[in-house]
Amino acid sequence: YPFILAGIFFISRLAGINELDLIIVFNIVLTALASCFLFLIAKEIFNKRIALIAVFLWMSYPFNLWFVKNPHTEVPFIFLFFLGIYLYILTLKRRNLKLAFWGGFFLGLASFVRLIGLFLPFILALLIPFFLGEKAAGKRKILLAAVLLAGSFLVILPWSAYLISQVGIFAFSPATGPGGILYGYTVLIAPMEDESDRAVFPDDIRALIEKMKVK
């Protein structure tokens, strides 16, 4: 996601557009594209009517709309996730190796945006024999699963190997430890421009946070 933001900030400086305004435009475009892929996913599994209903519900979902106005990782993740799932469904229907590779590739990119998608390619690869059943030969099922994982590994492994060589930890290993937890608590009492936006919590909890902040 920092790479995505870096690209947006570069365009922002080049075009003289406010950074947050450009992020909102970027989010709107990706949300629209994600809705298109959601339609295609539902259409492939069900029919056009259900696909239209699914897209309408998704586009009117309050949390989804809330993400659009903020620089959150959810927007690019959802786009890449829907794209990867769509290609995965086409892979199951057509048993095409190219589709399997690109499905794994985009799911790998999604896992780089948000950690929640890290093991999704592995799970989907294991499900290929189950979904295909007797529609494909055993070798074809294994080959499709292997190519799906290869597409994902192409994204994940080089960057992870580089990070391990530089810092000695796996790319997604948390390294902040207690400091990160402490920050997560103390930020609740940090100064704010508009105090009316501050979350309300009991006095004893506030006192505990103040004590942690001193330490």
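Trainee: By class, how many nonpolar, polar and charged residues does the lining of the largest cavity have?
Mentor: Four nonpolar, two polar and no charged residues. Nonpolar means Ala, Val, Leu, Ile, Met, Phe, Trp, Tyr, Cys or Pro; charged means Asp, Glu, Lys or Arg; the others, Gly among them, count as polar.

Trainee: What should I know about the model first?
Mentor: This is a predicted model, where local features need pLDDT of at least 70 and side-chain atom pairs count only at pLDDT 80 or more, while totals for chains, interfaces and linings use all residues. Residues are numbered from 1 along each chain as its sequence is written, and side-chain values use heavy atoms, with hydrogens and water left out.

Trainee: Back to the cavity. Which residues line it?
Mentor: Thr31, Ala34, Trp58, Asn64, Val75 and Ile78. H2 and H5 each supply at least two residues of that lining.

Trainee: What volume does the largest cavity have?
Mentor: About 30 Å³. The search of the whole structure finds one cavity of 30 Å³ or more. The volume is the space filled by probe spheres set on grid points, joined across faces, edges and corners.

Trainee: And what is a cavity, as against a pocket?
Mentor: Both come from a 1 Å grid over the protein atoms alone. In a cavity, a 1.4 Å probe fits but cannot get out. A pocket is an open set of points with protein on both sides within 12 Å along at least five of seven lines. Lining residues have an atom within 4 Å of a point.

Trainee: How much space lies in the second largest pocket?
Mentor: About 200 Å³. Its lining has six nonpolar, no polar and four charged residues. The residues are Glu44, Ile45, Tyr88, Ile89, Leu92, Lys93, Arg95, Phe131, Leu132 and Lys135.

Trainee: Which helix gives the most to that lining of the second largest pocket?
Mentor: H5, with four residues. H2 (19-45), H5 (74-94) and H7 (120-132) each supply at least two.

Trainee: You listed Arg95. Where does Arg95 lie?
Mentor: In the loop between H5 and H6 (97-113). Arg95 counts as partly exposed because its relative accessibility is 26%. The cut-offs are under 20% relative accessible area for buried, over 50% for exposed, and partly exposed in between (1.4 Å probe, protein chains only).

Trainee: How many helices and strands does the chain have?
Mentor: 10 helices and zero strands. Helices (H or I, at least four residues) and strands (E, at least two) are DSSP runs, numbered from the N terminus. Buried residues make up 35% of the 215 in the chain.

Trainee: H7 also came up. Where does H7 bend?
Mentor: At Leu126, by about 30°. Pro129 follows within four residues. The bend is the angle between axes fitted to the seven residues ending at a residue and the seven starting there.

Trainee: How many residues does H7 have, and what does it reach from first C-alpha to last?
Mentor: It has 13 residues and reaches 18 Å, close to the 18 Å expected. Expected span is 1.5 Å times one less than the number of residues.

Trainee: Which H7 residues are buried?
Mentor: Pro121, Leu124, Ala125, Ile128 and Leu132. A general point: an α-helix has 3.6 residues a turn, so residues three or four places apart point the same way.

Trainee: New topic. Is Ser160 buried or exposed?
Mentor: Ser160 is buried, because its relative accessible area is 2%. It sits in helix H8 (residues 138-167). A polar atom of its side chain lies 2.8 Å from the backbone oxygen of Ile156. A polar contact is a pair of N or O atoms within 3.5 Å; within protein, one must be able to donate a hydrogen and the other to accept it, and residues adjacent in sequence count only if both atoms are side-chain atoms.

Trainee: What separates the C-alpha atoms of Ala100 and Leu148?
Mentor: 4.8 Å, with the two residues 48 apart along the chain. Ala100 is found in H6. It is buried, with a relative accessible area of 0%.

Trainee: And Ile28: how many Å apart in space are Ile28 and Val68?
Mentor: 6.1 Å, C-alpha to C-alpha, and 40 residues apart in sequence. Ile28 is in H2. At 46% relative accessible area, Ile28 is partly exposed.
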